[in-house]
Amino acid sequence: MAVDWEAYASGVEADIAQLKKDLAPLEAGEMTIGERRGSGPWRDVTAESIARNKQAIATYEAILKDVRTNRIKGAS
């Protein structure tokens, strides 16, 4: 079964867009994320969430670049 690289790339682009949308209010300080373990105190994990989202965006962008360069362009 052949892979539809255009559809795959579109899906990756959609994932990147969603991650950026989720990241915007965190970076703007409009939203914070916290966690609590057991009955302990809440801890702000916004910075960790921002870093994790940025890493995910970078990973998806690298995947998209590879797909566009090696799969889609090469298939033409």
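Which side chains meet in a salt bridge with 3.0 Å from N to O? Read on to the last close-up for the pair. What you see here is a predicted model, where local features need pLDDT of at least 70, side-chain atom pairs count only at pLDDT 80 or more, and totals for chains, interfaces and linings use all residues. Residues are numbered from 1 along each chain as its sequence is written, and side-chain values use heavy atoms, with hydrogens and water left out.

**Close-up 1. The largest nonpolar core has eleven residues.** Among them are Ala 9, Ile 16, Leu 23, Ile 57 and Val 67. A nonpolar core here is a set of buried Ala, Val, Leu, Ile, Met, Phe, Trp, Tyr and Cys residues joined through side-chain atoms within 4.5 Å. The elements giving two or more residues to this core are α1 (5-27) and α2 (46-75), and α1 brings the largest share, six residues. Helices (H or I, at least four residues) and strands (E, at least two) are DSSP runs, numbered from the N terminus.

**Close-up 2. Here is Val 67 with its contacts.** Contact means heavy atoms within 4.5 Å. Leaving out neighbours within four places in sequence, Val 67 is in contact with Trp 5, Tyr 8, Ala 9 and Ile 72.

**Close-up 3. Asn 53 sits in helix α2.** Its relative accessible area is 16%, so Asn 53 is buried (buried is under 20% relative accessible area, exposed over 50%, partly exposed in between, with a 1.4 Å probe and protein chains only). Not counting residues up to four places away in sequence, Asn 53 touches Leu 19, Asp 22, Leu 23 and Leu 26.

**Close-up 4. Two salt bridges are shown here, Arg 68 with Glu 13 and Lys 20 with Glu 61.** A salt bridge is a side-chain nitrogen of Lys or Arg within 4 Å of a carboxyl oxygen of Asp or Glu, and the structure holds seven of them. For Arg 68 and Glu 13, the closest N and O atoms are 2.7 Å apart. Arg 68 lies in helix α2 and Glu 13 in helix α1, so this pair ties together parts 55 residues apart in sequence. For Lys 20 and Glu 61, the closest N and O atoms are 3.5 Å apart.

**Close-up 5. Glu 48 and Arg 43 are the pair from the opening question, at 3.0 Å from N to O.** Glu 48 is partly exposed at 34% relative accessibility, and Arg 43 is partly exposed too, at 40%. Salt bridges that share partners join Glu 35, Arg 37, Arg 43 and Glu 48 into one network.
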